[in-house]
Amino acid sequence: MTAPPALVLGGGIGGLAAALALAKKGRGVRLFEQGSELKEIGAGIQLGPNVYHMFEVLGLTGAIERWSAHPENLIMMDALTGEEVTRLPVGSNAFRQRFRSYPYGVIHRGDLYQVLLEACRAERNIELHEKRKGLRFEDQGEQVVLHMEGGEAIEGACLIGADGLWSKVRAQLLGDGKPRVSGHIAYRAVLPRAAVPDDLWQNNVVLWAGPKTHLVHYPLRRGELYNLVAVFHSDRYEEGWDVYGDTAELERKFENERPEVRRLLEKIDVWKMWVLCDREPIKGWSKGRIVLLGDAAHPMLQYLAQGACMATEDAVVLANKLEASKGDHASAFAAYEQDRYLRTARVQLTARFYGEIYHATDVRRDLRNSLLKATSPEAAINGPAWLYGGIEV
Ligand SMILES: Cc1cc2nc3c(=O)[nH]c(=O)nc-3n(C[C@H](O)[C@H](O)[C@H](O)COP(=O)(O)OP(=O)(O)OC[C@H]3O[C@@H](n4cnc5c(N)ncnc54)[C@H](O)[C@@H]3O)c2cc1C
């Protein structure tokens, strides 16, 4: 590497996508991940057509297509009555035509991660470092220094904070405190195909909307697995990540819901639990040679299934702006934020609103059902066009 490398802190989907996007522009990158292994948790992730455009830009289309599956519909069911509320025909020709032929997909997070990791490993100007925790940075004007646990100081041309919801880079850059605890808890699990009763198996992303709860399920790995995400309201938990859930609590939360919901929940012995957090959208993602990306910049609730998609869009835009600025990091980062902040703010705020719609009770629930049932397939496809239509890069 001749020019000083860009430093990336965090080897999640956002950090790897950023490293890859920069390397494709000829930049040297050193990425540091605190985890003992570069890997993702065992759960599914939905991919909107907007991120398939990014995969194309990053040269990943073939690899992603080998691992992703394409559901026929996104369906909302009423978890009390079992009636269908609405559906978005994401597998239809009309949907694909509307979004420049990009599909809607679902993929195992580990498979998406592996695709990104292999693509990064194939780039000779990316260095990936595991078990390396960043503690703080110094912007010295001409370069940045990243101070690591253990005392090492690493120099680079700039620092991209892709270190997620609890970002240390953000804490030092903005000092804006902890993320907002939403009061919503997600339990996640994956079932093998054989464990799912035939009448409950379908190639759709199904969301069972109940009072202050919802359950989502869809097939993964081309039908080998069934992904389940159960969400409910609770003020019992403050914060936490990737810990085991309480099966009895989950059963209580869903006890009045349809048998289809309860039968699926009963199949799971071990759940992983997440306390869902987000933040208010903000401006000021960068200062000098330091910039935030992905959840570090704009953490969101998962109700639009777009956090990883947004992080990947960020990565592509950031690399484009850096290339265009010819070494002026501060102006590249300002241009990147300018391009990104309203779109990501809209996703953050809309995701909160979708949470209210999914979990509506009483008259709100009746209103939701009556308005959404009246939606035509054309209107259902046009509604999310601002999101799935993607960005120009
Ligand atoms: C239940 C649930 C379902 C979701 N479903 C979807 C979906 O369907 N579609 C979608 O697009 N998104 C979804 N998301 C959101 C998505 O998972 C996140 O938005 C996305 O993973 C953010 O990526 P990131 O790289 O910014 O952060 P992260 O994935 O959090 O990665 C940050 C990385 O930085 C590392 N790190 C942190 N601090 C340090 C440090 N000091 N030093 C070194 N390394 C550090 C961490 O170990 C981690 O590997 C979902 C989220 C949840 C909770």
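A: In this predicted model, 6 strands make up an open sheet, and their order is β7-β2-β1-β11-β19-β18, with mixed pairing. At the edges stand β7 (126-129) and β18 (286-287), each of which pairs on one side only. Helix α1 (residues 13-24) packs on this sheet and touches β1 (6-9), β2 (29-32), β7 and β11 (158-161). The direction of α1 makes about 170° with that of β2.

As a general point, strands of a sheet pair through backbone hydrogen bonds, in either a parallel or an antiparallel sense.

A second sheet is also open and has 3 strands, in the order β8-β9-β10, with antiparallel pairing. Its edges are β8 (134-139) and β10 (153-156); each has a single partner strand, so one side of each has no neighbour in the sheet. From one strand to the next, the twist averages 25°. β8 pairs with strand β9 (residues 144-148) over 5 bridges in the antiparallel sense. One of the bridge pairs links aspartate 139 to valine 144 in β9.

The loop between β8 and β9 holds glutamine 143. This residue has 22% relative accessibility and so counts as partly exposed. Setting aside neighbours within four places in sequence, glutamine 143 is in contact with Glu138, Glu155, Gly156 and Arg289. Asparagine 125 is 18 residues from glutamine 143 along the chain, and their C-alpha atoms are separated by 19 Å.

A further antiparallel pair is formed by strand β4 (residues 74-78) and strand β5 (residues 84-88), with 4 bridges. Methionine 76 is opposite threonine 86 of β5. The two strands, β4 and β5, form a hairpin with 5 residues between them, and glycine 82 in the turn has a positive phi of about 80°.

Serine 101, which is not a glycine, has a positive phi of about 75°, and lies in the loop between α4 (93-98) and β6 (105-108). Alanine 305 is not a glycine either, and its positive phi is about 55°. The place of alanine 305 is the loop between β19 and α9.

Next come the helices. Helix α5 (residues 109-121) has 13 residues and reaches 18 Å from its first C-alpha to its last, close to the 18 Å expected at 1.5 Å a residue. Of the 13 residues of α5, 10 are buried, so this helix is largely enclosed by the rest of the structure. The buried residues of α5 are Arg109, Gly110, Asp111, Leu112, Tyr113, Val115, Leu116, Leu117, Ala119 and Cys120.

The axes of helix α9 (residues 307-325) and helix α10 (residues 329-358) come within 8 Å and cross at roughly 155°. That angle makes α9 roughly antiparallel to α10. The crossing of α9 past α10 is right-handed. On the α9 side, the residues that meet α10 are Met310, Glu313, Asp314, Val317, Leu318, Lys321, Leu322 and Ser325. In α10, the residues they meet include His329, Phe333, Tyr336, Asp339, Arg340, Arg343 and Val347. In general, an α-helix has 3.6 residues a turn, so residues three or four places apart point the same way.

Valine 196 is in the loop between β12 (180-192) and β13 (205-210), and is buried, with a relative accessible area of 3%. Apart from neighbours within four places in sequence, valine 196 is in contact with Leu191, Trp201, Tyr226 and Leu264. Arginine 263 is 67 residues from valine 196 along the chain, yet their C-alpha atoms are separated by 9.4 Å. Leucine 371, by contrast, lies in helix α11 (residues 362-373) and is exposed, with a relative accessible area of 56%. Leucine 371 and tryptophan 386 are 15 residues apart along the chain, and 20 Å separates their C-alpha atoms.

How values were computed:
Residues numbered from 1 in each chain as written. Predicted model: local features only at pLDDT ≥ 70, side-chain atom pairs only at ≥ 80, totals over all residues. Heavy atoms only, no water. Expected span 1.5 Å × (residues − 1). Buried < 20%, exposed > 50% of the residue type's maximum accessible area, 1.4 Å probe, protein only. Pairing = 2+ DSSP bridges. Contact = heavy atoms within 4.5 Å. Axes fitted to C-alpha atoms, helices over the stretch in contact; angles between N-to-C directions. Parallel < 35°, antiparallel > 145°, perpendicular 65-115°, else oblique. Left-handed = near helix turned anticlockwise from the far one by under 90°.
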